[in-house]
Amino acid sequence: MQINFYNPDFQTITNKEEFGLCDDLDLIVKSPAYIDFTNYENWICKVKNETKEEIVFTAIDHGIIKNRKDINNPERCDVMLNNCSIIVFVELKNKEKKTAKISQLENTIRLFNLNHDLSVFSTRKAVLSNKKCTATLKQETKDNFPEDNFGFRIYFTNEIVLR
């Protein structure tokens with residue numbers, strides 16, 4: 001199964017210091033997540049790009065991975081952020097009651113690793129982001145995640161700082 005996580009059709013490149021990650025609740029159309037610079041009320045997760053280096057935003061769910069029948073586990077996260085040294089996978093939730101699932105991040109990381117080289121990234125993050133930010137992760141979940149997921153550290157936050 002070939003999946004190109006670098007498909008430019010689903011990417012936006014920015015060097016802005018601050019931007020938001022958004023995912024509309026459109027269960028019928030199922031449009032991909034998107035990046036936004038001005039409509040703060042739509043932001044599920046704020047990204048602070050402190051170095052102002054170019055960051056590539058990639059829509060994964062309903063973007064690069066859409067209607068794929070050759071994928072055993074259909075769960076995947078919404079967004080990938082990366083540059084030459086950083087990679088961040090993000091699962092976005094816009095509702096208080098619907099929780100982000102770690103398995104969506106785990107499966108996306110596994111799919112990426114099957115199709116691309118993770119060793120080029122010195123910083124690897126997996127982020128569960130809920131606009132309401134009403135939950136926390138157990139320390140045990142945080143501690144075990146990197147061992148099982150190619151060196152990724154997991155975070156629950158609605159603000160990602162890229163340094």
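This is a predicted model: local features need pLDDT of at least 70, side-chain atom pairs count only at pLDDT 80 or more; totals for chains, interfaces and linings use all residues.
Trainee: How do you know what the overall make-up of the chain is?

Mentor: The chain has 2 helices and 10 strands, and along the sequence these elements follow the pattern β-β-β-β-β-β-β-α-β-α-β-β. Of the 163 residues in the chain, 44% count as buried.

Trainee: Why is Lys93 called buried?

Mentor: Lys93 has a relative accessible area of 12%, and a residue is called buried when this value is under 20%, so Lys93 counts as buried. Lys93 belongs to strand β7, which covers residues 86–93.

Trainee: What makes the pair Lys93 and Glu91 a polar contact?

Mentor: The side chains of Lys93 and Glu91 are joined at 3.0 Å, and the cut-off for such a pair of N or O atoms is within 3.5 Å, so the pair counts as a polar contact.

Trainee: How many disulfides does a search of the whole structure find?

Mentor: The search finds 0 disulfides; to be counted, a pair of cysteine sulfur atoms would have to lie within 2.5 Å.

Trainee: How do you know that strands β6 and β7 are paired?

Mentor: Strand β6, residues 79–82, is joined to β7 by 4 bridges, and two strands pair if there are at least two bridges between them, so β6 and β7 count as paired, and they run antiparallel. Val79, for instance, has Val90 in β7 as its bridge partner.

Trainee: Which strands make up the open sheet, and in what order?

Mentor: The open sheet is formed by 6 strands in the order β1-β5-β6-β7-β8-β9, with mixed pairing.

Trainee: What makes β1 and β9 the edges of the sheet?

Mentor: Strands β1 (11–14) and β9 (153–156) each have a single partner strand, so one side of each is left without a neighbour in the sheet. From one strand to the next, the twist averages 20 degrees.

Trainee: Which helix packs on the sheet, and which strands does this helix touch?

Mentor: Helix α1, residues 102–115, packs on the sheet and touches β6, β7, β8 (123–130) and β9, and the direction of α1 makes about 145 degrees with that of β7.

Note on methods. Residues are numbered from 1 along each chain as its sequence is written. Side-chain values use heavy atoms; hydrogens and water are left out. Buried means under 20% relative accessible area, exposed over 50%, partly exposed in between (1.4 Å probe, protein chains only). A polar contact is a pair of N or O atoms within 3.5 Å; within protein, one must be able to donate a hydrogen and the other to accept it, and residues adjacent in sequence count only if both atoms are side-chain atoms. Axes are lines fitted to C-alpha atoms, for helices over the stretch in contact, and angles run from 0 to 180 degrees between N-to-C directions. Contact means heavy atoms within 4.5 Å.
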